[in-house]
Amino acid sequence: MFISKCSAETISSAAKALKDGGLVAFPTETVYGLGADAQSAEAVKRIYEVKGRPHDHPLIVHISEIQDLEVWAKEIPDYAIKLARDFWPGPMTLILMRREVAKDFITGNQETVGLRIPAQPIALSLINEFKKLGGKGIAAPSANMFGKVSPTTAEAVAEEVLQYMNHFLDRILDGGPSHIGIESTIINCTTKAPEILRLGFITKEMIEESIGMKVVATELNIRVSGSLESHYAPNAKVLINQIPKSGYGFIALSSIPTPDGCIRLISPNTIEEYARNLYPALRLADLKEISVLVAIAPEGHGLALAITDRLSRAAKL
Ligand code: TXA
Ligand code: MG
């Protein structure tokens, strides 16, 4: 088990490890994923063991080209192709009707499969190398313990799951901090009009502009596909938009001054920076053994809503 900086050799060796049944944690532009061969029941079972995740929870299959959609999915609507062309590689997962190759252990016994092409060069070359070895896709949930905060660095992956990655093939690829910092937008494409199941960097407005259709977005705080109450939660108690007391952690845009006696965790200048630094801030709170933190949610639509969604999950609202 080791953590490695990425050269062409370490990537092809990691692809081989995946093909042989190992687990490879790898960087994506959203968060780090804990990858396994999406066709191997044994390897996928180990993902669940390492994460301590319930077994009926579906996994996203990571692919590297739009043509791979046909391998895993059928009855693909035109709007899904348009979304794939406009936003892949990128922080978007499409839920489509599955083909045979997407077994129950990937889909959580559902007739649908989640697919994504990540926009991260290491992730893309890992998938491509894996395909050269005969693989069809890499199943990868976020590389955190079930219910905890998603990791956005290799060090955070190590903190979360390294101790459980105990097969000699297992490894972590280090690609530096994830550029976006929150998980992909999930879009259900099995209905006449698409439906957003998880908010993310690809916003409702962007999707509607791409396909010229109205999109249904699940209301904030309404539980979506498999999400449970304890998701994205640090040890600290998270309060949103409340007045903090002295000694509390504090997360807000840089335009908002730190209240007296509070421990400032991040001061992002933009919404994008807020998204990128949110999970590291939640980890920092735990590292500093802060017991309560106040987050001031960013105002506005799009990515601001996705951040507010993650904050409210961390607050277990
Ligand atoms: O950005 C991301 O999406 C990251 C990176 C690693 O790609 N992955 C990620 O995976 O966030 P995970 O497993 O932590 O979250 C995936 C979500 C889960 O809530 C799961 O229930 C949902 O996607 N999902 C996967 N397949 C699905 C399906 N067939 N139908 C409905 N929801 C699905
Ligand atoms: Mg996750």
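**Exercise 1. Work out which residues of helix 10 are buried, and what covers them.**

Step 1: Buried means under 20% relative accessible area, exposed means over 50%, and partly exposed is in between, using a 1.4 Å probe and protein chains only. Helices (H or I, at least four residues) and strands (E, at least two) are DSSP runs, numbered from the N terminus.

Step 2: Go along the helix. You'll find L303, A304, A306, I307, T308, D309, R310, L311, S312, R313 and A314 buried. That makes 11 of the 12 residues, so helix 10 is mostly covered.

Step 3: Look for the cover. It includes strand 11 (195-198), strand 13 (237-240), helix 9 (271-287) and strand 16 (292-295).

A word on the model: it's predicted, so local features need pLDDT of at least 70 and side-chain atom pairs count only at pLDDT 80 or more, while totals for chains, interfaces and linings use all residues. Residues are numbered from 1 along each chain as its sequence is written, chains are lettered from A and ligands numbered from 1 in the order in which they are written, and side-chain values use heavy atoms, leaving out hydrogens and water.

**Exercise 2. Check the span of helix 10 against what you'd expect.**

Step 1: The expected span is 1.5 Å times one less than the number of residues.

Step 2: For the 12 residues of helix 10 (residues 303-314), that should give 16 Å.

Step 3: The end C-alpha atoms are 17 Å apart, which agrees. Just after the helix, K316 takes a positive phi of about 60°.

**Exercise 3. Describe where A15 sits and what it touches.**

Step 1: A15 belongs to helix 1 (residues 8-19).

Step 2: A15 counts as buried because its relative accessibility is 0%.

Step 3: Leaving out residues up to four places away in sequence, A15 touches L126, E129, F130 and L133 (contact means heavy atoms within 4.5 Å).

Step 4: A15 and K131 are 116 residues apart in sequence, yet 8.6 Å apart in space, C-alpha to C-alpha.

**Exercise 4. Find side chains that hold a polar atom close to an oxygen of ligand 1.**

Step 1: A polar contact is a pair of N or O atoms within 3.5 Å; within protein, one must be able to donate a hydrogen and the other to accept it, and residues adjacent in sequence count only if both atoms are side-chain atoms.

Step 2: R53 has a polar side-chain atom 3.0 Å from a ligand oxygen. For R116, the distance from a side-chain N or O atom to a ligand oxygen is 3.0 Å, and for S184 it is 2.6 Å.
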